[in-house]
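Q: Can you walk me through this one? I'd like to go over the folds and contacts before doing anything else with it.
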Amino acid sequence: MKKLSAVLAVVGALGLSTQALAVDEPENVIKYRQAVMKAIGGHMASIAGVVKGEVSYTDHVAIHANGINALSKAVTAVFPEGTDNGSHKTAALPKIWEDWAGFEKAAQALDTASANLASVAASGDKQKIAAAFGDVGKACGGCHKPYRVKK
Amino acid sequence: MRYPRKGKGRGLRRVRSNLARVAALSVIGLVVLARSAAAQGDATKGEYLFRAAGCYACHTRPVSGARPLAGGRAFETPFGTFYSPNITPDPDHGIGRWGLADFARALRLGEAPDGSHYFPAFPFTSYSGMRDRDLADLWAYLKGVDPFPEPNREHELNFPFGFRFLAGLWKWLFFEPGSFEPDPARDVLWNRGAYLTRHLSHCGECHTPRNLLGALQDDRYLAGTLKGPDGKKVPNITPHSGDGIGDWSESDITFFLQLGVLPDGDVAGGAMEDVIREGTGHLTDQDRKAIAVYLKSLPEHPGP
């Protein structure tokens, strides 16, 4: 078993290092990134339907919040250097890489806010869910405002 | 050419009679307002109006740690860059020496206490229709906020727009001080929405395109513009399906004004984020609904 773990660890490390070398075409990374963002947006729009009271899937809020939380951990990885709007068709501003620490912090805020929403969702309290959802929205804006071209 | 505000052409005679009304308003109206019972404004109600009127977003720099209401936010326009002034009660750099009459004159007529004209980057064209009571309450709140001695930054305008007298000429051409007249054919909610949208919350100042001289094109009310106050696109919010928000439900609008989340799950950006966070997010559900009802009732326009 120990040997298996070691093999897995080595394979994992190799996998990570391959990822770090980032041989993917910038256009494809951008396309993938936009799909990730749309996925987060899809969860947001789904929760919005519940918070607005249009649908009664209150028990789904945690599912979506966990979905956002999982994706929030992928955010920084989908912004490799060389995928800014200088030479590519993307809304990602070069400021992301000029202020990488700030960008990481902003991405971390989405992790925190979505985790909070997931735990608040369990209470079923509509008011608390709406407030926690608002905080997730602010976390989205916390990245979009400084680091994205205004739509 | 269509003139803005009332959406109908006006002859020189009418403009002159308006000018007489302006003079009459400035001399009599403001004195009466200042001396009336309305002079004792209610600061609590004023704080709510302050949210609805969106004072914060324009009069505060959009950076973390900026002093609220100390001004300095830049507005890049085709005429040059305007910087919002300090509206804290600091006596030297803010409006600490103002009285209600000065405040009313600024919002109703677009005139500084020394009689000089404000440029229409300041939305007096919308605020002009504000109720006396609301003006007094708003003033009661504003004069009580923390003063901050931030000096005002001069506008950086392209020749020849820097001449203040031109702002006077502009007003002569395009501005008609007015009051909000409810439409008796519509219900209370719609009329509240109209008052908020057109006057207090002045949505058209950013969302309506302007003509070559910077006057709002009333025949394209809220149809959006490619050159907004940040030099960027401002969306069409008429009920046009596709270009506007025709596909938004009433609750999509109220929800957006509350939390800034768009129907597709994205969030508001640019100045609108500040407007929601500091303004519409604090309004009552009823007022947000009033705005939604009013917006849904407007003529649809394509574009921008």
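This is a predicted model: local features need pLDDT of at least 70, side-chain atom pairs count only at pLDDT 80 or more; totals for chains, interfaces and linings use all residues.

Q: OK, so at what angle do α8 and α12 of chain B pack?
A: Helix α8 (residues 188–200) and helix α12 (residues 285–297) of chain B pack at an angle of about 90°, and their axes are 7 Å apart. That makes α8(B) roughly perpendicular to α12(B), since angles of 65 to 115 degrees count that way.

Q: Which residues make that contact?
A: From α8(B) they include Leu189(B), Trp190(B) and Leu196(B), and from α12(B) they include Ile291(B), Val293(B) and Tyr294(B). Sorted by type, the residues of the contact of α8(B) with α12(B) are 9 nonpolar, 3 polar and 3 charged.

Q: Switching to the rest of chain B: how many helices and strands?
A: Chain B has 12 helices and 3 strands.

Q: And in what order do the strands sit in the sheet?
A: The order is β1-β2-β3 in chain B, an open sheet with antiparallel pairing. β1 (74–77) and β3 (156–157) of chain B are at the edges with a single partner strand each, so one side of each has no neighbour in the sheet.

Q: How many bridges are there between β1(B) and β2(B)?
A: There are 4 bridges, in the antiparallel sense. In one of them, Phe75(B) has Phe82(B) in β2(B) as its bridge partner. β1(B) and β2(B) form a hairpin, with 2 residues between them.

Q: What about β2(B) with β3(B)?
A: Strand β2 (residues 80–83) of chain B pairs with β3(B) over 2 bridges, antiparallel again. Thr81(B) stands opposite Glu156(B) in β3(B).

Q: How much of chain B counts as buried?
A: Of its 304 residues, 46%. As for contacts in chain B between residues at least 6 apart in sequence, 67% join residues at least 24 apart.

Q: Which residues of α11(B) are buried?
A: In helix α11 (residues 270–278) of chain B, they are Gly270(B), Ala271(B), Met272(B), Glu273(B), Val275(B) and Ile276(B).

Q: What covers them?
A: The cover includes α3 (55–59), α9 (204–207) and α10 (250–259) of chain B, together with α6 (126–147) of chain A.

Q: What are the ipTM and pTM of the complex?
A: The predictor gives an ipTM of 0.74 and a pTM of 0.82.

Q: And the pLDDT for chain B?
A: Chain B averages 88, and 87% of the residues score at least 70. Over residues 1–17 of chain B the pLDDT is below 50, and beyond near neighbours in sequence this stretch has 21 contacts in the model.

Key: Residues are numbered from 1 along each chain as its sequence is written. Chains are lettered from A and ligands numbered from 1 in the order in which they are written. A residue is buried if 20 or more other C-beta atoms lie within 10 Å of its own, exposed if 12 or fewer, and partly exposed in between; C-beta atoms are placed from the backbone. Two residues are in contact if their C-beta atoms, placed from the backbone, lie within 7 Å. Two strands pair if DSSP finds at least two bridges between them. Axes are lines fitted to C-alpha atoms, for helices over the stretch in contact, and angles run from 0 to 180 degrees between N-to-C directions. Angles under 35 degrees count as roughly parallel, over 145 as roughly antiparallel, 65 to 115 as roughly perpendicular and the rest as oblique. Ala, Val, Leu, Ile, Met, Phe, Trp, Tyr, Cys and Pro count as nonpolar, Asp, Glu, Lys and Arg as charged, and the others, Gly among them, as polar. pLDDT is the predictor's confidence in each residue, from 0 to 100.
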